[in-house]
Amino acid sequence: MTPEERPDARTVSQVGEFGLIRRVTEHRNQPSSTLLGPGDDAAVLTAPDGRVVATTDVLVQDVHFRLDWSGPRHVGRKAVAVNLSDIAAMGAVPTGLLVGLGCSGEVTAEFVDELAAGMWEEARRAGTALIGGDMVTSNQLTVSVTALGDLRGEKPVTREGARQGDVVALAGGLGWSAAGLAVLARGFRSPLSVVGAHRVPQPPYEAGPAAAVAGATSMIDVSDGLLADMAHVADASGVSVDIRTDQLEVPQRLLEVASALGADPGDWVLNGGEDQALVATFPGDRELPDGWRPIGRVRQGRGVTVDGVEHTERTGWQHWRH
């Protein structure tokens with residue numbers, strides 16, 4: 001019986017550390033790249049490329065998620081998604097996930113079952129698996145994920161390669177998570193299309209490696225907001241990035257939600273974070289791969305402009321400033 005099928009009112013302190021580990025790892029399949037999975041002192045993976053891409057994120061209750069807004073399965077999926085989008089943004093494919101969980105002894109085993117189920121679900125969507133981790137006692141619910149990836153012979157696509165004349169292109173959606181956050185903050189739980197996007201982002205995992213193969217010169221995932229993240233690319237590359245609003249799609253659902261809340265959907269698209277979309281720059285004479293659409297140009301200069309107008313305010317999320 002899988003964890004999803006066996007609710008349990010016992011707490012994690014009653015189940016015990018090793019019993020809990022067995023619950024979240026047994027009856028789970030590993031990809032062929034996992035030579036040794038959970039159960040030993042460390043996991044063993046193949047590294048065909050000879051290089052390993054690594055990233056980590058820590059999600060803390062009431063900072064990155066609220067349990068009155070999201071269930072444990074949502075939190076598990078989000079914890080995996082925000083890490084794997086970073087792997088995709090380097091042009092790599094994921095090969096494994098290491099998970100650290102800190103929680104109090106009063107948390108139920110069923111809660112951890114659901115959290116783990118969400119992690120495994122999102123990992124499967126990206127073609128990878130949980131290969132190990134750790135569990136500790138903590139007064140604050142904390143989920144730490146380290147993701148590993150393989151470049152498959154391609155160069156890593158960093159933030160510093162954008163050049164004058166490149167096309168700025170987008171894969172994935174923008175503004176959905178910000179719209180969902182606005183809805184939840186007003187005390188509503190629908191429409192589910194935007195609320196769900198805030199609870200669980202949908203990174204376009206395959207678009208990252210496809211961009212690398214197609215010759216992308218730089219790439220980043222949109223975690224803090226389009227303008228804020230493109231400012232990182234502009235700074236690293238020593239260029240100016242001009243975003244064209246006539247090339248940015250504002251879906252009808254966002255227009256409807258914004259109208260109901262008296263909000264600006266364009267601000268959600270430009271400055272809303274946590275959609276985990278990918279933005280890359282490509283040589284101007286290069287055909288964009290499937291799933292990518294142009295949203296601007298790289299120009300001489302510094303910083304970010306919107307329709308040619310300088311954008312100097314640094315928006316987007318920054319820890320210790322919110």
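The legends below describe close-up views of a predicted model.

View 1. An unreviewed UniProt entry places the feature "binding site" at Asp41, Asp86 and Asp221. These positions are spread over 181 residues of sequence, and they are also spread in space, with up to 32.4 Å between C-alpha atoms. Of these residues, Asp41 is included in the lining of the second largest pocket.

**View 2. Asp41 in its loop.** Asp41 is placed in the loop that runs between β1 (34-36) and β2 (44-45). Its relative accessible area is 80%, and because this is over 50%, Asp41 counts as exposed.

**View 3. Asp86 and its contacts.** Asp86 has its place in helix α3, which covers residues 72-89, and with a relative accessible area of 21% Asp86 is partly exposed. When its neighbours within four places in sequence are left aside, Asp86 is in contact with Thr55, Asp57 and Asp221, and Asp221 is itself one of the positions that the UniProt record lists as "binding site".

**View 4. The aromatic pair of Phe282 and Trp292.** A search of the whole structure finds 1 aromatic pair, formed by Phe282 and Trp292 in an edge-to-face arrangement, with 5.5 Å from centre to centre and 75 degrees between the planes. Phe282 belongs to strand β10 (residues 277-282), whereas Trp292, 10 residues apart from it, lies in the loop between β10 and β11 (293-299). Phe282 counts as buried at 0% relative accessibility, and Trp292 also counts as buried, at 7%.

**View 5. Arg66 over the ring of Trp69.** Arg66 lies over the face of Trp69, at 3.8 Å from the ring centre.

Key. Residues numbered from 1 in each chain as written. Predicted model: local features only at pLDDT ≥ 70, side-chain atom pairs only at ≥ 80, totals over all residues. Heavy atoms only, no water. UniProt positions renumbered as here; feature names shortened; annotations may be inferred. 1 Å grid on protein atoms, 1.4 Å probe; cavity = no way out; pocket = protein on both sides within 12 Å on 5 of 7 lines; lining within 4 Å. Helix = DSSP H or I, 4+ residues; strand = E, 2+ residues; numbered from the N terminus. Buried < 20%, exposed > 50% of the residue type's maximum accessible area, 1.4 Å probe, protein only. Contact = heavy atoms within 4.5 Å. Phe/Tyr/Trp six-rings, centres within 6.5 Å; stacked < 30°, edge-to-face > 60°. Lys NZ or Arg CZ within 6 Å of the ring centre and 35° of its normal.
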